[in-house]
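Welcome, and thanks for opening the viewer. Let's take a short walk through a few backbone details, one selection at a time.

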Amino acid sequence: MKTVKIHILISCLIILSFLSCNQKNEQEVEAKSISQPEIKLDLLDLQKSNKLGKDTVITIINDPVYHKAKKYKAVNTAILIKNEIDLTKLDPKNTKIVFECIDGYKPEMPLELFLNANPYLAFQDLDAPKGNKWEPIVKDGNEMNAAPFYIVYTSVSEKDTRYKWPYNLVKIYLEPLNKSTLELYPLKNRKLEAGYNLFKNQCLTCHSINAIGGTMGPELNYPKSVTEYWKEKELVDYIVNPASFRYKVTMPTLGITKQQSQEIVDYLKYMSENKKKI
Ligand code: HEC
């Protein structure tokens with residue numbers, strides 16, 4: 001009887017040590033991907049030092065920003081990135097490219113998808129009126145232009161939302177694909193995953209949580225979470241329709257349902273208990 005007990009005890013110990021080993025491995029993987037250095041290209045600096053590469057004239061049949069055919073002077077962005085960054089040192093399958101625009105808008109996409117799409121960095125609009133470098137973009141009654149840089153593709157459909165076409169672009173970053181997943185995933189309550197996914201796909205380009213994300217809209221968690229100074233019901237309604245709260249609001253109505261908005265708010269409440277400055 002006694003030996004049986006000892007056997008059970010030993011088996012338990014073995015299983016336990018296995019479990020803790022696995023946990024350690026997971027932590028090591030996490031630590032490794034977080035510590036991978038961030039790689040940044042300052043496009044204006046590269047232009048000043050004549051390092052953008054050979055320019056060429058390209059035609060975009062249906063430009064999604066100008067809504068018509070356009071001609072630009074541009075450089076091949078894939079070649080530019082390969083000249084500036086040693087891609088053999090990183091794993092393109094696990095890397096994303098993040099675009100930083102003047103107003104803090106920060107869209108991103110998988111690096112491999114980007115490099116294979118024949119992307120161009122347009123730096124001059126050949127349809128611009130005389131004396132101007134860019135034709136104005138008219139959006140919501142305001143006139144803007146795409147300067148200094150605009151990412152375009154000659155062989156990607158403007159309807160394919162996996163591809164980003166950022167204008168007013170100033171910097172490009174390469175980061176681990178799972179950086180935001182590791183830092184912002186609701187590990188302690190996986191039921192909040194739906195809210196997290198909605199936030200990651202619809203909000204992170206403009207808003208940060210714990211300083212991860214875009215800066216076009218305000219940080220939503222640190223030092224004070226929006227869930228601490230907004231009434232919950234109002235916050236849910238705001239996310240569905242910001243213009244019903246603020247005149248000339250700059251946050252767009254994104255087509256989020258009330259239920260989805262509640263899921264996002266539940267996730268934001270969870271993050272308010274997981275604040276940290278990164
Ligand atoms: C295109 C950029 C953009 C996107 C996408 C976006 N926002 Fe915003 N958001 C803004 C801006 C800009 C403001 C500041 C609004 C203002 O007062 O004009 C804002 C304001 C807010 C506020 C109010 C903050 C405060 O302190 O009062 C909340 C909450 C918010 N956004 C949540 C969200 C959520 C949740 C999503 C995703 C479903 C989202 N936003 C998507 C740009 C964006």
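Is Lys248 buried or exposed? Lys248 counts as exposed, because its relative accessibility is 69% and the cut-off for exposed is over 50%. Before you go on, keep in mind that this is a predicted model.

**Stop 1: Lys248.** Stay with this residue and look at the backbone around it. You are in the loop between α8 (232–240) and α9 (258–272). Lys248 is not a glycine, yet its phi is positive, at about 55 degrees. Why point that out? Most residues other than glycine have a negative phi.

**Stop 2: Asn168.** Now select Asn168, in the loop that runs between β9 and β10 (169–176). Here is another positive phi of about 55 degrees in a residue that is not a glycine. How accessible is Asn168? With a relative accessible area of 13%, Asn168 is buried, since buried means under 20%.

**Stop 3: Ala147 and Pro148.** Next, select these two together and look at the bond that joins them. The peptide bond between Ala147 and Pro148 is cis, and omega is about 0 degrees. Most peptide bonds are trans. To place Pro148, find the loop between β8 (142–144) and β9 (150–153).

**Stop 4: Tyr222 and Pro223.** Which form does the peptide bond from Tyr222 to Pro223 take, cis or trans? This bond is cis, with omega near 0 degrees. Pro223 sits in the loop between β12 (212–213) and α7 (226–229).

Notes:
Residues numbered from 1 in each chain as written. Predicted model: local features only at pLDDT ≥ 70, side-chain atom pairs only at ≥ 80, totals over all residues. Heavy atoms only, no water. Helix = DSSP H or I, 4+ residues; strand = E, 2+ residues; numbered from the N terminus. Buried < 20%, exposed > 50% of the residue type's maximum accessible area, 1.4 Å probe, protein only.
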